[in-house]
Each structure stands twice: as structure tokens, then as C-alpha cells.
Amino acid sequence: MRIGHGLDAHRFTPGRPLVLGGVRIPHTEGLEAHSDGDVVIHALCDALLGAAGLGDIGRHFPDDDPAYAGIDSRVLLRRVKVQLDEHRFAIASVDLTVVAQAPRLAPHIEAMRQRLAADLDLAPPRLNLKATTTEGMGFTGRGEGIAAFAVVLLDE
Ligand code: MG
């Protein structure tokens, strides 16, 4: 088995849609990024690539490459899955944590889970997603941005 960890954070910026875990979530601001700013998927891609020993998301999809401007991060996730398949890795489990003071994410957790599991061709019980606040502390607590953590286990 191979374990992988991923972390991502993006700052809020006005005038953009908020997309987390492949789901568009109603909010007053979105996340600043070269792509759609989906921190959950970025952390997940890094964990998957890390477990497979394949580097990181920045190496595979450089953020100065115009090909990835505004790209739907689900496209990146599916490309990472293809690479895992090519290297004959199977995903055993995924655990994701989103850190955000606002908006409230509980109503969207199941939709995100279904979408991410579908992109990874994974049975939904193998993919867990949860959200937490930091009780007002730190950059997420002050509402400056959102962070996400991912841990994955691969079978080889
Ligand atoms: Mg990112």
C-alpha cells in the first residue's frame, strides 16, 4: 500500500463562483486561482500523485500554462486518475477535510462526495469528505480563504 497527503489553500476574491469538490456553492466570493480554484480537488490530486510517487499537481498542470486558465478542476482529477490506472494503482480510500469559516458546507458534502467518487470511478463509501471551521482563528477563520487536506491510500 502507498499513502499520500495533499494540502491546498486559496484566498477569497470577489466576482468569481465558489467551486468546491466539483460543486458550485452559492457564496458572496469565489477563490482566486489560475484554474477554477477548487482547493478540495487540488489537495486530492496532490495526495493521489504523492502516493503514486508522481510528483504534484503543479508539475503535471503548470499554473503558468494558458491551457489550464479557468479549467474545471474535475478535468485535472480525471487526468490524475488515468495516470494512476496507467501505473496500475487502485484507490483504496480517500479522506478529505475542508477548512472554511463560511459558507456552511454541510448541505453540499454529499453532492461533492458523489461527484468526486464518480470522477475517480470509486464506490462512494471509499471516499469521505468533511468540513470544519477553525472557530474564527487563522486565515480561514478570518474568512480570507479556504484550505483543504487530503489523505489517500493506494493499492499497488
Ligand atoms: Mg490550488
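The model is a predicted one, so local features are taken only where pLDDT is at least 70 and side-chain atom pairs only at pLDDT 80 or more, whereas totals for chains, interfaces and linings use all residues. Residues are numbered from 1 along each chain as its sequence is written, and side-chain values rest on heavy atoms, with hydrogens and water left out.

Start with the sheet. Helices (H or I, at least four residues) and strands (E, at least two) are DSSP runs, numbered from the N terminus, and two strands count as paired if DSSP finds at least two bridges between them. On that basis there is an open sheet of five strands, ordered β4-β1-β7-β5-β6, and the pairing is mixed. At the edges sit β4 (29–31) and β6 (127–132), each of which pairs on one side only. From one strand to the next, the twist averages 20 degrees. Strands β1 (residues 2–14) and β7 (residues 145–155) run antiparallel to each other, paired over 10 bridges. In this pairing, His5 stands opposite Val151 of β7.

Helix α1 (residues 39–52) packs on this sheet and touches β1, β4, β5 (90–99), β6 and β7, where contact means heavy atoms within 4.5 Å. The direction of α1 makes about 155 degrees with that of β1; axes here are lines fitted to C-alpha atoms, for helices over the stretch in contact, and angles run from 0 to 180 degrees between N-to-C directions. Val40 has its place in α1. With a relative accessible area of 1%, Val40 is buried (buried is under 20% relative accessible area, exposed over 50%, and partly exposed in between, with a 1.4 Å probe and protein chains only). Neighbours within four places in sequence aside, Val40 is in contact with Leu20, Gly21, Leu96, Val98, Leu116, Leu129 and Ala148.

Next come the other helices. Helix α4 (residues 109–119) lies across β5 and β6, at about 145 degrees to β6. The axes of α4 and helix α3 (residues 73–86) come within 9 Å and cross at roughly 40 degrees. The pair is therefore oblique; under 35 degrees would count as roughly parallel, over 145 as roughly antiparallel and 65 to 115 as roughly perpendicular, with the rest oblique. On the α3 side, Arg74, Leu77, Arg78 and Lys81 make the contact, and on the α4 side Arg115, Leu116 and Asp119 do. Two of these residues are nonpolar, none polar and five charged (Ala, Val, Leu, Ile, Met, Phe, Trp, Tyr, Cys and Pro count as nonpolar, Asp, Glu, Lys and Arg as charged, and the others, Gly among them, as polar).

As for the metal, a magnesium ion is coordinated by Asp8 (OD), His10 (NE2) and His42 (ND1) at 2.1 to 2.3 Å. Donors are N, O and S atoms within 2.8 Å of the metal (3.2 Å for Na, K and Ca), and since water is not among the atoms, sites may look incomplete. Along the chain, the donors follow the spacing D-x1-H-x31-H. Asp8 is buried at 17% relative accessibility, and His10 is buried at 16%.

Finally, the backbone. A cis peptide bond, with omega about 0 degrees, joins Ala102 and Pro103, and Pro103 belongs to the loop between β5 and α4. Arg88, a residue other than glycine, has a positive phi near 60 degrees. Arg88 lies in the loop between α3 and β5 and is exposed at 71% relative accessibility. Asp121, not a glycine either, has a positive phi of about 55 degrees. Asp121 lies in the loop between α4 and β6 and is exposed, at 68%.
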